[in-house]
Amino acid sequence: MTHAPSITAELRDLPPVDGWRVSEQTGRARTTCPCGTDTGLTTKADARTTLREHCTPERA
Ligand SMILES: [Zn+2]
């Protein structure tokens, strides 16, 4: 198992402009990792904290 945590920002669709899809970030994000870690939607700050902590190997 290789840990590869990543953050996905939540996007919200806005009305299209000239036929182009427009979206904006909602301020929420989610951190997931192949190991099964999944914070679900949380604040960006929490997502970043989880990512940082998850990237640091625990040393007993
Ligand atoms: Zn992981």
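I take contact to mean heavy atoms within 4.5 Å. The model is predicted: local features need pLDDT of at least 70, side-chain atom pairs count only at pLDDT 80 or more, and totals for chains, interfaces and linings use all residues. I number residues from 1 along each chain as its sequence is written, and side-chain values use heavy atoms, with hydrogens and water left out.

**Entry: Thr31**

I started with Thr31. I found Thr31 in strand β2. Strands (E, at least two residues) and helices (H or I, at least four) are DSSP runs, numbered from the N terminus. Next I looked up accessibility. Buried means under 20% relative accessible area, exposed over 50%, and partly exposed in between, with a 1.4 Å probe and protein chains only. Thr31 has a relative accessible area of 1%, so I log Thr31 as buried.

Which residues is Thr31 in contact with, leaving aside neighbours within four places in sequence? I list Pro5, Ser6, Ile7, Thr37, Asp38, Thr39, Gly40, Ala47, Thr50 and Leu51. A polar atom of the Thr31 side chain lies 2.9 Å from the backbone oxygen of Ala47.

**Entry: Leu51**

I followed one of those contacts, Leu51. Leu51 sits in helix α1, residues 44–55. Its relative accessible area is 22%, so Leu51 is partly exposed. Leu51 touches Pro5, Ser6, Ile7 and Thr31, with residues up to four places away in sequence not counted. I checked Pro5 against Leu51, C-alpha to C-alpha: the two are 6.3 Å apart in space and 46 residues apart in sequence.

**Entry: the sheet**

I then traced the strands. Two strands pair if DSSP finds at least two bridges between them. Strands of a sheet pair through backbone hydrogen bonds, either parallel or antiparallel. Here I get an open sheet of three strands, in the order β1-β2-β3, with antiparallel pairing. β1 and β3 each have a single partner strand and stand at the edges, so one side of each has no neighbour in the sheet.

How many bridges join β1 to β2? I get nine, and the two strands run antiparallel. Ser6 stands opposite Thr32 in β2. β2 and β3 pair over two bridges, also in the antiparallel sense. There, Ala29 stands opposite Thr42 in β3.

**Entry: the turn at Asp18**

β1 and β2 form a hairpin with two residues between them. I looked up Asp18, in the loop between β1 and β2. Phi of Asp18 is near 55°, a positive value in a residue other than glycine. The relative accessible area of Asp18 is 73%, so I mark Asp18 as exposed.

**Entry: Glu10**

I moved along to Glu10, in strand β1. Not counting residues up to four places away in sequence, Glu10 touches Glu24, Gln25, Thr26, Arg28, Ala29 and Leu41. I count a polar contact as a pair of N or O atoms within 3.5 Å; within protein, one must be able to donate a hydrogen and the other to accept it, and residues adjacent in sequence count only if both atoms are side-chain atoms. The side chains of Glu10 and Thr26 make a polar contact of 2.6 Å.

**Entry: the zinc ion**

I kept the metal for later. Donors are N, O and S atoms within 2.8 Å of the metal (3.2 Å for Na, K and Ca); water is not among the atoms, so sites may look incomplete. Which residues coordinate the zinc ion? I find His3 (ND1), Cys33 (SG), Cys35 (SG) and His54 (NE2), at 1.9 to 2.3 Å. Along the chain the donors follow the spacing H-x29-C-x1-C-x18-H. His3 lies in the segment before β1 (6–17) and Cys35 in the loop between β2 (20–32) and β3 (42–43), so this pair ties together parts 32 residues apart in sequence.

Why do I call the arrangement tetrahedral? The four donor atoms subtend angles of 101 to 118° around the zinc ion, which makes it so. My cut-off for four tetrahedral donors is that all angles lie between 85 and 135 degrees. The ideal angle for four tetrahedral donors is 109.5 degrees.

Cys33, at 9% relative accessible area, is buried. Cys35, at 30%, is partly exposed. His3 is partly exposed as well, at 47%.

**Entry: last checks**

I searched the whole structure for disulfides, meaning pairs of cysteine sulfur atoms within 2.5 Å. The search finds zero.

Finally I looked at Gly36, in the loop between β2 and β3. Gly36 is exposed, with a relative accessible area of 58%. Gly36 and Thr2 are 11 Å apart, C-alpha to C-alpha, and 34 residues apart in sequence.

How values were computed
Tetrahedral: all angles 85-135°; square planar, octahedral: opposite > 155°, others 65-115°.
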